[in-house]
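Hi there,

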Amino acid sequence: AVGGTTYRDTWAKVFPPKTAILPAATVTIMTFTAGLAYSIIIGDSFASIASLAGLPPTLQRPNVWIVLVSTLVLFPLCLLRDLSSLAIGSVLGTAGTLYTALFMALRCIDGSYAPGGKFFSAIAPAVQPRFVPVTPATPVVNLSIFVLISMLATAFLAHYNAPKFYNELAPPKDGGSKVGRFNLVCGGAFGLAALLC
């Protein structure tokens, strides 16, 4: 609408240019924090896998995996100028998410993890879900809901490349605005994410 191609450029056209550092700093901090969070998840996951595989104790520590994966995989990927070769990773990730969602729905429908289901006893009692009625002794809102809110915030986080995607979207043949088509693409993407959540 204002002709900006980046958050900083758009901000400078709408607000005083001296404050254009704010969206750039916000995106940088959020990206760093998200990268750190994902590195921690990768470290914990690989440490658990290493433990199950019986690897040496050193490789069963999350910090070792965080350093290894960050320096040998993530940092080199960050240095790439063109990420188009990683497109297959996006396809595989989407396919993996759909596969997981399908099996979660299947197990929900067939009751495999419900009390009396064939996999119910495989869940350790400490991690089995408990649904208790609301009483004066139990809060109306379980504080664990904040974990869910955090996961939903990540699932519905607006992508930092949104201005780039908008600019790369082909304009309508009649020369009109791209906003309607961009809204359709965004609505479809968020709708799919909502369906999978």
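**What I found**

D110 is partly exposed, with a relative accessible area of 41%. Before going on, please keep in mind that this is a predicted model. The side chain of D110 meets that of R107 in a salt bridge, at 3.3 Å from N to O. R107 is also partly exposed, at 26% relative accessible area. Both residues belong to helix α4, which covers residues 87-110, and because they are three residues apart there, about one helical turn separates them. How many salt bridges does the count come to? The count comes to one salt bridge.

**A lysine without a partner**

K178 sits in the loop between α6 (162-168) and α7 (179-196). This lysine is buried, yet has no salt bridge. Which side chain of opposite charge is nearest to K178? That is E168, and it lies 9.6 Å away, while a salt bridge calls for a nitrogen-to-oxygen distance within 4 Å. What the side chain of K178 does reach is the backbone oxygen of L169, at 3.4 Å. Leaving out residues up to four places away in sequence, K178 touches Y166, N167, L169, A170, P171 and P172.

**A nonpolar patch**

On the surface there is a nonpolar patch formed by L143, I145, F146, V147, L148, I149, M151 and L152. Together these residues have about 760 Å² of accessible area. One of them, I145, is placed in helix α5, which spans residues 145-155. I145 counts as partly exposed because its relative accessibility is 34%.

**The chain as a whole**

Of its 197 residues, 9% are buried. The chain exposes about 15,300 Å², and carbon and sulfur atoms supply 72% of that area. As for contacts between residues at least 6 apart in sequence, 29% join residues at least 24 apart.

Best wishes

Note on methods:
Residues numbered from 1 in each chain as written. Predicted model: local features only at pLDDT ≥ 70, side-chain atom pairs only at ≥ 80, totals over all residues. Heavy atoms only, no water. Patch = residues over 30% accessible without salt bridge, like charges linked within 9 Å, V, L, I, M, F, W, Y side chains within 5 Å. Areas by Shrake-Rupley, 256 points an atom, 1.4 Å probe, with all protein chains shown as cover. Helix = DSSP H or I, 4+ residues; strand = E, 2+ residues; numbered from the N terminus. Buried < 20%, exposed > 50% of the residue type's maximum accessible area, 1.4 Å probe, protein only. Lys, Arg positive; Asp, Glu negative; His and termini not counted. Polar contact = N/O pair within 3.5 Å; in protein donor to acceptor, adjacent residues only side chain to side chain. Contact = heavy atoms within 4.5 Å.
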